[in-house]
Amino acid sequence: MKFSLTLTPLVFCLFGFGLNNNLLTSSAFSFGFEASTSEATTNTASTTTVLLCNVPTEPYTTNVTETAATFNWTAVSGAQNYSVQTRLPNGAWSYVSGSPFANTWVTVNGLSPGTTYEWRVRANCTYGDQSYWTSPVSFTTSGSSSCNAPSSLYTLNITQTSATWDWSSVSGAYSYSVQWRYAGGTWYDLPGGPWTATVLNVGGLQSSTDYEWRVRSNCSYGTSSPWSNSASFTTLASSCYTPENPYTTNITGTTATFNWSLVSGAESYSVQTRLPNGTWAYVPGSPFTNTSVTIGGFNPNTTYEWRVRAKCGYGNYSNWTYPITFTTSDSYTCEAPDYLYTANITQTSATLDWSSVSGAESYSLQYRLSGGTWYDVSGGPWTNSWYTLTGLQPGTAYEWRVRSHCSYGSYSPWSYSASFSTLGSSCYTPGYPFTTNITASTATFNWSSVSGAQNYSVQQRLPNGTWYDVPGSPVANTWVTVYGLNANTTYEWRVK
């Protein structure tokens, strides 16, 4: 008797899970056999193909602002969502907040202005399968990342164990971080920061010890400035006390005598003066070993302040005394010149003339574009009562003024201003100025030629800054390439 048994083929697939975009081939086997007393038959295996999770394609960046950007990519068939990462170039990758995303785009906020970033994306498919990451996509946010360091660091109110640290405020800074160290040692963060004020009272110091401190600005979007230059000071020893009983005697129109009490152990005394709320300056001859000093060179009928401190052994100083105010007498006056007159006006020059002042030893001059900022005329003061001003612009309105310098360092108020306009020019202004070949540190300035021009003067500046001649100016060409520019910085230039 012959019989047969047929089984339905059993099919299974071998899936390769991993980050691979290639086709994975696995064998699907069909088993079949026939029971017989005389023969058996085996069927051959069939083949099936499995497609893994593909990498997103066409990644690109749109809507780039100072603090945000939108990342875009094409959809991947079978993808459930997408993971997105960002980093600074060559930095560590970090996932974008909210990742993974179901959309094929995401807008990222909280970026820093003027900064280059990279991003990448991968697809997440079923059964935990993931694609490779895309190649990094680079972009740069708009704006500037600059944050200036504070300046004018000053230490005052120094005692044995404390000091006051003061610095200038920085435009755009939200707060300030401060570090300290023993002179030449390791820097440490000052606890409690950052601070919004520009003055700190620091305690817990050691007496007769050299310290240094520095500060940096913290600006918008998480940017920080470099650390400032360091300021140094020495805390007081136990025996260096502040001079007492400071007072002023023998006040004249141009002189005054400063007095104070003796400090035990003091080696010398430093004295400073200033106009009220002005900048302190050491008086000539300071420091002094006496407890009084007569100072000259003051202006009559003028209010001043002075202060003194002691210097003791081992380079220790006392605190400064509180400012002492005094006013010189009105024993001498220095009149301002009058009868201002402008003569010999050309396109680029003019002669400034004024009446001489009895007792005046010399004169200072200032000029400005009409209604603008006053500038000192270089080269003064002058003993003549006239001066030829050169380097002016044709067809331009100017103003000028003069003051007298008299004996004992006194000087008059500025005179009233006189105005004039230079002659018009037949030398035309260059046209069509434009910039080419801009790199991170160079640029080429171009303009049209002017008939009859012998050469061209070129200037550049930061916006609203001071104009400076570019190296090599004036030039005979109608173009010039400038070097040494700062990357990602806006400049202005002009030519005549």
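**Two disulfides in a predicted model**

Counting a disulfide as a pair of cysteine sulfur atoms within 2.5 Å, we get 2 disulfides here. A word on the ground rules: this is a predicted model, where local features need pLDDT of at least 70, side-chain atom pairs count only at pLDDT 80 or more, and totals for chains, interfaces and linings use all residues. Residues are numbered from 1 along each chain as its sequence is written, and side-chain values use heavy atoms, with hydrogens and water left out.

Let's start with cysteine 53 and cysteine 125, whose sulfur atoms sit 1.8 Å apart. Cysteine 53 is in the loop between β2 (46–51) and β3 (60–62), while cysteine 125 is in the loop between β8 (116–124) and β9 (137–140), so this bond ties together parts that are 72 residues apart in sequence. Those strand labels come from DSSP runs (E, at least two residues), numbered from the N terminus. Look along the S-S bond and you'll find a torsion of about 65°, so this disulfide is right-handed. Cysteine 53 and cysteine 125 are both buried, meaning under 20% relative accessible area with a 1.4 Å probe, protein chains only (exposed is over 50%, partly exposed in between).

Now for cysteine 147 and cysteine 219, also joined by a disulfide, with an S to S distance of 1.8 Å. Cysteine 147 belongs to the loop between β9 and β10 (154–156), and cysteine 219 to the loop between β15 (210–218) and β16 (231–234), so the pair links parts 72 residues apart in sequence. The S-S torsion of cysteine 147 and cysteine 219 is about 70°, which makes the disulfide right-handed. As for burial, cysteine 147 has a relative accessible area of 8%, so it counts as buried; cysteine 219, at 11%, is buried too.

Conventions
Helix = DSSP H or I, 4+ residues; strand = E, 2+ residues; numbered from the N terminus.
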